[in-house]
Amino acid sequence: MDKRNEKSKEAIRQALIRLSRTKPYSEISVRELCREAHVSRSTFYNNYRFFNDVVDEMSGAYMQKLREKKLTRAFFDSLQHDSDELNLLLESGVFGRDFCLYLRDLIAPGIQPDPTNIELNVEILYHAFGIFGVLQNLLAIRAEPELTGEIYRTGIDKLLKI
């Protein structure tokens with residue numbers, strides 16, 4: 001991919017993150033996104049077939065960035081640092097399942113999924129989706145301007161103890 005295409009794609013991704021701070025993902029249009037990114041609609045469609053392809057690409061890149069991390073304070077702090085991008089990914093619905101399956105692998109390293117062991121599968125997925133839900137709520141709380149990062153940190157401390 002040439003540098004112009006990569007620069008356009010980055011502008012589109014960053015514009016989507018900025019727009020998602022002020023309105024729901026489902027209400028952002030391609031026209032609005034192109035205006036915010038300072039690219040033409042033809043540039044958008046030269047790089048992406050559908051609007052959701054932008055988020056699919058962002059989700060894949062974000063998951064790649066998370067690979068090899070352990071479930072530690074540093075892991076959760078890195079998520080907090082990327083809270084605008086992560087909130088967008090969570091709101092889009094694209095990211096949640098892959099992230100929960102990633103959490104499942106972090107919770108039970110080395111345990112191969114066994115469809116016949118329903119009890120173990122339910123327990124591991126229960127914890128993974130629980131962490132996911134708590135994280136979603138902590139990031140939403142942190143987005144409130146009158147609240148400090150202290151609530152996020154306290155919530156993560158409690159989550160790490162469980």
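Mentor: A salt bridge is a side-chain nitrogen of Lys or Arg within 4 Å of a carboxyl oxygen of Asp or Glu. The model considered here is predicted.

Trainee: How many salt bridges does a search of the whole structure find?

Mentor: The search covers the whole structure. The number of salt bridges found is nine.

Trainee: Is K9 buried or exposed?

Mentor: K9 is found in helix α1, which spans residues 3–20. Its relative accessible area is 8%, and buried means under 20%. K9 is therefore buried.

Trainee: Which residues are linked with K9 in a network of salt bridges?

Mentor: K9 and E57 are 48 residues apart in sequence, yet their C-alpha atoms are 9.9 Å apart in space. R13 and E6 meet through their side chains in a salt bridge of 3.0 Å, N to O. R13 is buried at 13% relative accessible area, whereas E6 is partly exposed at 36%. The residues linked with K9 in the network are E6, E10, R13 and E57.

Trainee: Which helices hold E36 and R18?

Mentor: The side chains of E36 and R18 meet in a salt bridge at 2.8 Å, N to O. The pair ties together parts that are 18 residues apart in sequence, because E36 lies in helix α2 (residues 30–37) and R18 in helix α1.

Trainee: What is the distance between the closest N and O atoms of D2 and R4?

Mentor: D2 is partly exposed, with a relative accessible area of 35%, while R4 counts as exposed at 65%. These two residues form a salt bridge, and the distance between their closest N and O atoms is 3.9 Å.

Technical notes:
Residues numbered from 1 in each chain as written. Predicted model: local features only at pLDDT ≥ 70, side-chain atom pairs only at ≥ 80, totals over all residues. Heavy atoms only, no water. Helix = DSSP H or I, 4+ residues; strand = E, 2+ residues; numbered from the N terminus. Buried < 20%, exposed > 50% of the residue type's maximum accessible area, 1.4 Å probe, protein only.
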